[in-house]
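Let's take a friendly look at this protein, starting with the overall picture and then turning to its aromatic rings.

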Amino acid sequence: MEQRLANTWRMTVNEKKFIESALVSGLRVDGRNLYDYRKLSINFGKEDGSAEVHLGQTRVMGIATSQLVQPYRDRPNEGTLSIFTEFSPMADPSFEPGRPGEFAVELGRVIDRGLRESRAVDTESLCVLAGKLVWAIRIDLHILDNGGNLVDAANVAALAALSTFRRPECSLGGENGQEVIVHPPEAREPLPLIIHHLPIAVTFAFFSDESTLVVDPTHQEEAVMAGRMTATLNTNGDICAIQKAGGEGVPQSVIMHCLRIAATKAADITVKIRDTVEAYNTERALQKIKRHSAPVALDVSGTVPNVRKNQVKSEDQREVSGSVGTQVEKLKPMNERKNSDQSNDIEGKVVTKSLEQGGTNSKDGNPRSFIGGPSS
């Protein structure tokens, strides 16, 4: 394969012999045992459906998206699931941009076969309107750094992205009930995918000696290996897919031994994925509670209505007193009206003068409010 051949040209003969002799003695260059995995860590992004997986020095990012499309004619009630891979020269100089190479196509097919053929995702729940609209789930796998065993890392990234992905909720409306309404996340909570089981891919590397095999080969071990096999199993021990990518032949006894090892490794990785996803969902729920926290309730039920009633009463009293006052004024003789107007003018002048004097009457120069007034 092109990637393995490129790595072979970069390695010297002494490095190859050292790796092979160490494996025969039961040792590996990084200090692991033959059947040990490297450290696996899963990190989730801010958006739902994005995950980054670190398997040793290998880094893969998986992003899940969805859109409404027309279903296939032979399956009008089922949605679709597709895998796309992107190899960047930033991850490995042997990767070329543009058209995907042989290894990129093989990687996408192995993961697609393990997910789609095993019916891990319930595609019937993705149907919105039978024969017209279904949800198409797309998983984009971006290779960020090639440290070996890209298949297993990409498979975990795809599973983690699907486990945290949520699609918008839809409903049917319109006059005939055939109009699809897609509700935004603010209106209705998005729905997670229905995943029946998690198919875990476990890769084995075979060397010239048939009795020597390792789990989770590194970048250097892939350049020396004579063959490779990927077994996809779930936590129940069910075999979802097996991929033998060329190389030397492997006897049946060795394949059965690999399947027993893969069943154990699949159970451990499944627990790791589920614990990480559960922690992510818990943190997401807490952030949602903080974002939509209810305001502090104030006990003002007895004050506001009384204030409004008092205001209404005072306004009514003012109107009544004003009407009575006008009628009394009309009944007064002209002389008394003139005297009252003059007294009001004098009182207004006195009040304004007292306000001007009292505004800066304090010793420190600060204004103080005027209290009281001259009596009429």
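## Overall picture

What percentage of the 376 residues of the protein count as buried? The share is 38%. Please keep in mind that this is a predicted model.

The secondary structure comprises eight helices and 14 strands. If you look at contacts between residues at least 6 apart in sequence, 71% of them join residues at least 24 apart. The protein exposes about 22,600 Å², and carbon and sulfur atoms supply 52% of that area.

## Aromatic pairs

A pair of aromatic rings is described by the distance of the centres and the angle of the planes. How many aromatic pairs does the structure hold? There are two.

One of them joins Phe44 and Tyr280: the ring centres are 4.9 Å apart and the planes stand at 40°, so this pair is tilted. Because Phe44 lies in strand β1 (residues 40-44) and Tyr280 in helix α6 (residues 252-291), the pair ties together parts that are 236 residues apart in sequence. Both Phe44 and Tyr280 are buried.

In the pair of Phe87 and Phe103, the ring centres are 5.8 Å apart and the planes are at 75°, so the pair is edge-to-face. Phe87 belongs to strand β4 (residues 80-87) and Phe103 to helix α3 (residues 102-117), so parts that are 16 residues apart in sequence are tied together here. Both Phe87 and Phe103 are buried.

## A charge over a ring

Which residue lies over the face of Phe84? Arg138 does, at 4.0 Å from the ring centre.

Conventions: Residues are numbered from 1 along each chain as its sequence is written. This is a predicted model: local features need pLDDT of at least 70, side-chain atom pairs count only at pLDDT 80 or more; totals for chains, interfaces and linings use all residues. Side-chain values use heavy atoms; hydrogens and water are left out. Rings of Phe, Tyr and Trp (its six-membered ring) pair if their centres lie within 6.5 Å; planes under 30 degrees apart count as stacked, over 60 as edge-to-face and the rest as tilted. Helices (H or I, at least four residues) and strands (E, at least two) are DSSP runs, numbered from the N terminus. Buried means under 20% relative accessible area, exposed over 50%, partly exposed in between (1.4 Å probe, protein chains only). A charge sits over a ring if NZ of Lys or CZ of Arg is within 6 Å of the ring centre and within 35 degrees of the ring normal. Contact means heavy atoms within 4.5 Å. Accessible areas come from the Shrake-Rupley method with a 1.4 Å probe; for residues, only the protein chains shown count as cover.
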